[in-house]
Amino acid sequence: MPGNERFARARAAKKLTEGQLAELVADLIASLTGRRPPIDADHVGRIERGLITWPGRAYRSAFRTVLGVTADAELGFYSRRSGGTHRPASIDVDRQLPALASAATVGELTSGTIGALTSGLGAPRMPARVGRADVADLNRVIDGMERADHAAGGRTVVRTLALAQLSWAQETLRLSSFRAADVRTAWMTAVARLGRLAGFMCVDARDHRTARQTFLIALQIAAAADSWPSRLNVISGMVRQAVHLGDGRSALLLTTLARAGESSASLTTLAMLRVLEARAYGVLGRAAEAAAAVEAAESLFARRKPEDDPPWLWFYDEAQLLGDTGHALYPLALGGCDVDAIRRLRGAVDLHDVADLRGRAFSLTKLATLEVRTRCGREALATADRAIAATADLRSGRALDFLNDLGRALRSAGDEESRALAAKVSETLRTARRA
């Protein structure tokens with residue numbers, strides 16, 4: 001992926017390091033909003049490497065101010081969803097690779113050639129010995145899969161790859177040797193992370209039986225590594241599954257069990273766990289306890305130090321916190337409780353990174369459902385239309401479930417425009433099921 005040279009040049013012109021730029025942006029946003037955003041040198045680096053092309057609205061405004069430009073395009077920002085004019089030129093890989101191969105070594109790629117090339121390929125062998133570089137490689141692969149999951153959802157080929165990778169990585173624990181005991185432990189924590197990812201992708205694809213099996217495998221490996229951060233990662237996935245299935249009691253039990261490992265958890269991890277408690281209370285209709293858990297989560301998050309976080313928690317930024325707390329209060333708001341769900345969901349929609357398409361679609365759809373249920377009007381219907389479009393781009397079973405809820409709310413509204421949007425929801429769901 002090409003880097004963002006315009007952004008890098010603008011930073012260099014101001015003679016700022018990545019960390020210094022992050023601090024200035026955070027200070028500016030905090031002065032305007034009263035809330036310090038979770039931006040650091042790594043976030044700036046991901047923008048320069050082209051991994052983030054369209055930062056959240058508040059971030060873009062702050063970057064423009066700090067770097068002294070007036071337009072997003074001057075910093076190389078573009079939205080993949082809008083087809084921005086500053087998008088890197090597309091490459092027809094399928095057309096160019098055969099020509100490249102023909103000019104290089106293997107000659108024309110006929111079906112016979114492909115058969116000859118692949119005939120000797122079998123299942124990947126276990127490495128004879130695993131070292132620290134192998135652990136780092138596995139974590140990089142998992143990192144990429146996690147980002148693909150956030151971008152598109154669990155109903156993709158990445159889920160199959162993650163499950164296959166998990167099976168292979170498990171076998172290395174049985175058949176491979178390790179350069180040192182701590183390398184084996186590090187490999188196990190990476191495999192547990194992979195198991196949690198594969199399990200949660202199955203949740204997102206509505207394959208709940210496989211998800212439970214995979215979570216249990218990951219828990220066993222985390223226990224063998226004696227790694228509480230790994231256990232907490234897996235438990236968080238299990239809680240989210242229980243919440244989605246409406247099983248508030250199991251979700252609350254799991255968060256209670258997680259407290260045994262909180263002494264080793266980062267502040268961001270603790271904030272996430274309090275939010276998951278809030279989501280369990282929300283499913284159970286316990287408004288006061290949900291609100292208290294949300295307040296505790298926000299207090300912990302305000303004191304977080306991202307450098308203390310485990311690698312799997314890279315996604316937990318302010319947008320994720322707002323979305324999670326909004327989701328926690330959502331069922332209570334639907335039930336008529338006076339809770340602050342709409343503002344939180346709206347903030348999550350505004351702040352979500354463009355790469356987190358699924359998280360943004362979740363918040364947008366629940367926001368639309370609440371608005372249609374409580375204050376149906378032109379603004380609510382516009383939000384609903386945006387939510388339909390956002391979900392159409394995903395391969396997520398949970399997103400379809402949330403969209404179905406929105407469709408029911410629109411049908412209940414009763415007016416002609418709402419019924420038209422409800423029909424649009426139905427067509428989007430039919431198209432997604434055929435995909």
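**Reading charged pairs in a predicted model**

Mentor: Asp149 and Arg358 form a salt bridge, with their closest N and O atoms 2.8 Å apart. The pair joins distant parts of the chain, since Asp149 lies in helix H7 and Arg358 in helix H17, 209 residues apart. Keep in mind that this is a predicted model.

Trainee: Are Asp149 and Arg358 buried or exposed?

Mentor: Asp149 has 3% relative accessibility and Arg358 has 4%. The cut-off for buried is under 20%, so Asp149 counts as buried, and so does Arg358.

Trainee: What lets such side chains pair?

Mentor: Side chains of opposite charge can pair when their charged atoms come close. The structure holds 32 salt bridges.

Trainee: Which other salt bridge links distant parts of the chain?

Mentor: One of them is between Arg132 and Asp182, at 2.9 Å from N to O. Arg132 is in helix H7 (residues 132-152) and Asp182 in helix H9 (residues 181-204), 50 residues apart. Arg132 is exposed, because its relative accessible area is 54%, while Asp182, at 41%, is partly exposed.

Trainee: How far apart are the closest N and O atoms of Arg36 and Asp27?

Mentor: They are 2.6 Å apart, and the two residues form a salt bridge. Arg36 is partly exposed at 41% relative accessibility, and Asp27 is partly exposed at 38%.

Trainee: Which buried residue has no salt bridge?

Mentor: Asp353 is such a case: the nearest side chain of opposite charge, Arg46, is 5.9 Å away. A salt bridge needs the nitrogen within 4 Å of the carboxyl oxygen.

Trainee: Where is Asp353 found, and what is Asp353 in contact with?

Mentor: Asp353 sits in the loop between helix H16 (341-351) and helix H17 (357-375). Setting aside neighbours within four places in sequence, Asp353 contacts Ile52 and Pro55.

Trainee: How do the axes of H16 and H17 cross?

Mentor: The axes come within 9 Å and cross at roughly 145 degrees. The crossing is left-handed. Among the residues that meet there are Leu345 and Val349 in H16, and Leu364 and Leu367 in H17.

Trainee: How many disulfides does the count give?

Mentor: The count comes to zero disulfides; the rule asks for two cysteine sulfur atoms within 2.5 Å. As for individual cysteines, Cys202 is buried because its relative accessibility is 0%, whereas Cys337, at 32%, is partly exposed.

Key. Residues numbered from 1 in each chain as written. Predicted model: local features only at pLDDT ≥ 70, side-chain atom pairs only at ≥ 80, totals over all residues. Heavy atoms only, no water. Buried < 20%, exposed > 50% of the residue type's maximum accessible area, 1.4 Å probe, protein only. Helix = DSSP H or I, 4+ residues; strand = E, 2+ residues; numbered from the N terminus. Lys, Arg positive; Asp, Glu negative; His and termini not counted. Contact = heavy atoms within 4.5 Å. Axes fitted to C-alpha atoms, helices over the stretch in contact; angles between N-to-C directions. Left-handed = near helix turned anticlockwise from the far one by under 90°.
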